[in-house]
Structures are given as structure tokens and as C-alpha cells.
Amino acid sequence: MKRIVKLNSPISIISHAAVGGGEERRGPLGDKFDFCDITDRFGMDTFETAEGEMGRIALNTALGKAKLSHKDLELLVAGDLQNQCVGTSLGLNSFGIPFLGVYGACSTCTESLLILSSVMENSPDMTYGAAVTTSHNSAAERQFRTPIEYGGQRAPSAQWTSTAAGAFILGRDEGKPSVTEFMVGKMVDGGTADGSNMGGAMSFAAADTILSYFDESGESPSDFDYIVTGDLGKVGSDILKEILARELPGCERFHLDCGLLLYDSERQDIHSGASGCGTSASVLASHLLPLMETGQINRILLLSTGALMSPSSLLQGQNITGIAPLIRIENKGYKKKNTTVNRK
Amino acid sequence: MDNLEKKRLIDKHSPKTKLFKNSALAFLFGGLICALGEGVFLVLTGIGAEEKTAGVLVTLIFIFAASALTGFGIFDRIAKHAGAGTLVPVTGFSNAVTSQAMDSSSEGVILGVGAKIFTVAGPVILFGISSGVLYGLIYFFAGLIF
């Protein structure tokens with residue numbers, strides 16, 4: 001089965017914006033965000049509407065950077081962590097853009113970019129589209145875990161759902177980083193029903209997609225600057241690196257996890273790292289794409305990782321299912337490996 | 001990769017809960033709360049309250065204090081260090097009820113707060129009362145026999 005899909009006319013990310021909350025502002029990427037509200041409220045009465053507002057600010061900022069109006073957008077592909085994607089609808093309904101809602105747990109960012117670029121490639125008349133992904137810590141805690149002010153101890157393997165949004169405007173500007181390939185991930189049993197260990201559960205799906213990609217493409221991991229996963233955190237990244245080191249030695253050196261970039265684990269009480277679909281969206285928008293635009297890196301694989309589960313399925317003892325869709329983002333005309341970047 | 005191997009990898013890379021540190025902190029914070037309670041009890045009896053009344057008042061004061069600290073967003077910051085030290089005393093129950101009430105307030109007074117206030121504390125209420133009834137029955141019948 002051939003799984004890698006090449007886009008004949010690459011779809012470029014012409015503009016992007018990242019919005020975050022207080023914890024994100026205090027993190028190492030805080031300065032690179034376009035806007036942060038340290039209260040996490042974004043001027044709204046509830047956390048659900050705050051998440052919507054965050055998405056609205058992100059999309060507006062990205063539109064402003066591209067000097068476009070919402071009327072120029074022909075398709076909006078967006079999603080969040082709340083039931084029925086209300087985090088998205090509460091903030092973006094007033095734009096009046098044709099909309100596809102995506103619910104892929106924390107894989108939403110890659111999934112949205114994948115769907116949007118695929119639709120645009122097959123619709124030559126479509127000029128601009130937008131992808132927006134949001135997650136809000138308090139809205140997610142309320143839905144999936146305990147009340148926000150509940151005094152409990154979190155497991156060391158638990159992750160911190162980010163209050164973050166990323167918005168991307170896609171077009172056909174060849175001078176910008178472009179989505180050139182994608183590969184849809186398979187659902188992979190995470191091997192655990194522990195909701196405090198989502199990074200571990202998702203790592204197997206990430207490994208499956210990465211190994212399948214290199215198996216089919218025949219390329220070497222060193223052809224890429226980074227292989228970026230969404231929110232595996234410390235535990236998931238360690239597992240992924242062990243699997244990669246065993247199955248495709250050397251590949252693990254190119255691995256980077258957005259969940260480990262968003263916060264500083266020394267200074268911030270976030271346990272195993274960041275989670276939530278806003279994590280990979282905001283890190284891509286605030287950190288990775290600017291690096292690509294300035295030519296510091298030129299080619300990455302992005303796999304936003306998702307943990308499919310619900311509070312009910314976990315209480316019923318069902319294992320978490322992991323997914324990891326993949327997109328390849330690269331600068332046009334880039335041929336050789338870039339050796340100037342120091343990898344950690 | 002089978003699930004056994006996945007489980008092995010997850011266990012290998014997941015940091016373990018710091019059992020000794022958590023237990024020591026729980027002991028310290030729990031003990032501190034009890035000592036404080038004893039202090040308040042002595043003050044209350046000292047100013048003339050009956051022992052039974054003073055006992056009830058101490059409980060009420062701690063329920064109120066934990067609820068207020070939850071409202072000000074301080075309780076969870078203490079509890080993440082104290083663990084069972086703040087969870088097991090009546091302070092934990094108070095926090096569970098108050099935090100849920102705060103959370104649900106955006107959904108309205110009746111269907112929000114009213115319907116959900118005991119979501120977290122529900123098991124404590126159900127099994128607390130049930131075991132109380134069971135214990136009472138055992139006590140009653142044992143009294144008839146012996």
C-alpha cells in the first residue's frame with residue numbers, strides 16, 4: 001500500500017500567527033508569540049469562549065500579516081479539544097468562511113494542514129484557505145479531568161495542556177515554506193489506559209508513521225533538519241527515541257518535540273511537557289516557520305500526535321489510541337542537507 | 001510491537017511517583033492541620049465553649065478556610081505539595097465541593113452548580129453515609145447480643 005501522497009503543486013504557508021496564555025508567555029518561546037494574555041481569559045467570561053477568542057485573534061493576526069481579509073478565504077479547516085469543536089465555532093463563526101471541523105485530539109494541526117493543502121491542490125481555483133487550531137488548559141481540564149481549583153497531585157508522567165492557538169493562511173506563494181507531501185497516520189493501540197501518560201501512548205503511533213515514511217520514501221532522516229512530533233513530552237519522546245534508535249539508527253538525532261519546546265521544565269511546573277493541539281500549532285507558527293522563512297532550516301516532517309480517548313473510555317479500561325498524521329514542509333528549491341544548524 | 005512490549009517501554013520511561021517525599025509531606029501537612037485544629041479547639045474551650053460544640057466549630061472553621069482558600073486560588077498550590085495531607089482531612093472534601101461549584105458556575109445555578117456540585121465529592125458522600133449506616137447497624141445488633 002502506497003501511503004505517501006505528493007502534492008504536484010505545493011501549497012505554501014504564506015502567513016501564520018501564534019497566540020498563547022500566561023504559562024506560554026513565561027516559556028522559552030513566549031517572546032515569539034504574536035499575542036499572549038497572562039490571565040488566560042482573553043477578555044471573555046468563560047474558558048470555552050476564551051478559547052474561541054484566542055482562535056479569532058490568531059486568525060485575524062495571520063490575515064493581517066498576509067494583508068488579506070476574511071472574505072479572501074475560501075475554506076477554513078479548524079479544530080480544538082472541546083466537544084463538537086465549540087472552541088472553534090464560538091470564536092470563528094462570525095467570519096462566515098466555509099468551514100470543515102477537525103477533531104483529531106492533539107493531531108488537529110497537522111490534520112488541518114493536510115486536509116486544507118490536499119483540497120487546495122485539487123482545486124486550482126482556490127486561492128487562499130486557513131487552518132486554525134486551538135487548545136485551552138482550563139477548558140480541557142474541565143472537560144477531561146478535575147475542576148480547575150481542585151487540589152490534587154498530578155502524576156510525573158502527566159502533561160500540561162497548553163493554552164495556545166496557531167493560525168495558518170495557505171496560498172500559492174512559492175517563496176514561502178510549502179507543504180509538499182503528506183502521509184495519513186494509522187490508529188495505533190497506545191498500550192495503556194492511563195490518562196496521565198498520553199505521551200507514552202502516542203509515541204507508538206509516531207514511530208509507526210515515521211518508520212513507514214522512511215521505509216516507503218527511501219530517504220534518509222538526515223535529509224531533514226528536524227522530524228517534529230506534536231506533544232509526546234518527555235516520556236513519549238524517550239520511548240520514540242528508543243524505538244527509532246532500534247529500528248532506524250540515527251533517526252532519533254533529528255527528533256524534536258513541540259511539547260518539550262513550549263515550556264521550560266526547570267522553571268515551570270509542567271511535569272512531562274506540553275500537550276494539547278495548540279502545542280504543535282503554536283510552536284510551528286512561532287518557532288519553526290520563522291526558522292524556515294529565514295533559511296535556518298529548510299525541510300521538516302511535522303507529526304502532530306493525537307491521543308484518542310474520553311473520560312468514559314478510560315474509566316471503562318479501554319486503551320488510548322494514538323494517531324500521528326505527517327506532513328512534509330520545505331523551502332522551494334532546497335536540495336541538500338543544511339549542516340549549519342546545531343542539533344541538540 | 002505487541003502491547004506487552006509497549007507496556008514495558010512505557011513503564012521503563014515513566015518517572016515514578018516520589019513515594020517517600022510525598023508521604024513525608026503528606027504527614028507534615030496533615031499533622032500541621034490537625035495541630036492547628038487542636039489549637040483552635042483549645043482556644044474555643046478556653047473561652048467557654050463546650051467540648052462537643054468546640055469540636056463541631058473546629059470542623060466548620062476548617063471547611064470554611066479550605067473553601068475560602070480554594071476560592072482565592074491558593075488551595076491547589078498548597079495541595080500539589082501536601083497531597084494526602086490536605087486531601088484526607090475535611091479540607092479535601094471542602095475543596096472538592098467548592099472547586100466543582102466554581103467550575104460549574106458558568107453553566108448556571110441550578111443545572112450548573114446544583115447538578116454538578118457533588119461530582120467529585122459524590123463517592124465520599126455515598127460511601128461515607130453508606131458505611132456510617134452499616135457501622136450503625138453492626139453497632140446496634142452487637143449491642144443486642146453482647
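What distance separates the centres of domain 1 of chain A and domain 2 of chain A, taken over C-alpha atoms? In this predicted model, the domain assignment of chain A gives domain 1, covering residues 4–171, and domain 2, covering residues 178–330, and the two centres are separated by 18 Å. Contact between the two domains involves 54 residues of domain 1 of chain A and 56 residues of domain 2 of chain A. On the side of domain 1 that touches domain 2, two or more residues are given by each of several elements of chain A, namely strand 1 (4–20), helix 1 (22–26), helix 4 (108–121), strand 5 (129–135), helix 5 (137–144), strand 6 (160–161) and strand 7 (164–171). Strand 1 of chain A provides the largest share of that side, with 12 residues. When the residues on this side of domain 1 are sorted by class, 26 are nonpolar, 20 are polar and eight are charged.

Leu170(A) touches, apart from residues up to four places away in sequence, Ile11(A), Ser12(A), Ile13(A), Ile14(A), Leu116(A), Ser117(A), Met120(A), Tyr128(A), Gly129(A) and Ala131(A).

From helix 6 of chain A, the contact is made by Gly199(A), Gly200(A), Met202(A), Ser203(A), Ala206(A), Ala207(A), Ile210(A) and Leu211(A), and from helix 7 of chain A by Gly233(A), Val235(A), Gly236(A), Ile239(A), Leu240(A), Ile243(A), Leu244(A) and Glu247(A). By class, this contact between helix 6 and helix 7 of chain A has 10 nonpolar, five polar and one charged residues.

The contact between the chains takes 23 residues from chain A and 27 residues from chain B. Helix 6 (198–217) and helix 7 (233–247) of chain A each supply at least two residues of the side of chain A that touches chain B, and helix 7 of chain A gives the most to that side, with four residues. The side of chain A that touches chain B has eight nonpolar, 10 polar and five charged residues.

Backbone geometry was considered last. Most residues other than glycine have a negative phi. In Asp40(A), by contrast, phi takes a positive value near 65 degrees; this residue is placed in the loop between strand 2 (35–36) and helix 2 (47–65) of chain A. Asp40(A) is buried, because 22 other C-beta atoms lie within 10 Å, where 20 or more are required. Phi of Cys85(A) is likewise positive, near 55 degrees, and Cys85(A) lies in the loop between strand 3 (75–79) and helix 3 (86–92) of chain A. With 19 other C-beta atoms within 10 Å, Cys85(A) is partly exposed.

Definitions and conventions
Residues numbered from 1 in each chain as written. Chains lettered and ligands numbered in written order. Predicted model: local features only at pLDDT ≥ 70, side-chain atom pairs only at ≥ 80, totals over all residues. Contact = placed C-beta atoms within 7 Å. Nonpolar A, V, L, I, M, F, W, Y, C, P; charged D, E, K, R; others polar. Buried ≥ 20, exposed ≤ 12 C-beta atoms within 10 Å, placed from the backbone. Domains from an automatic or database assignment.
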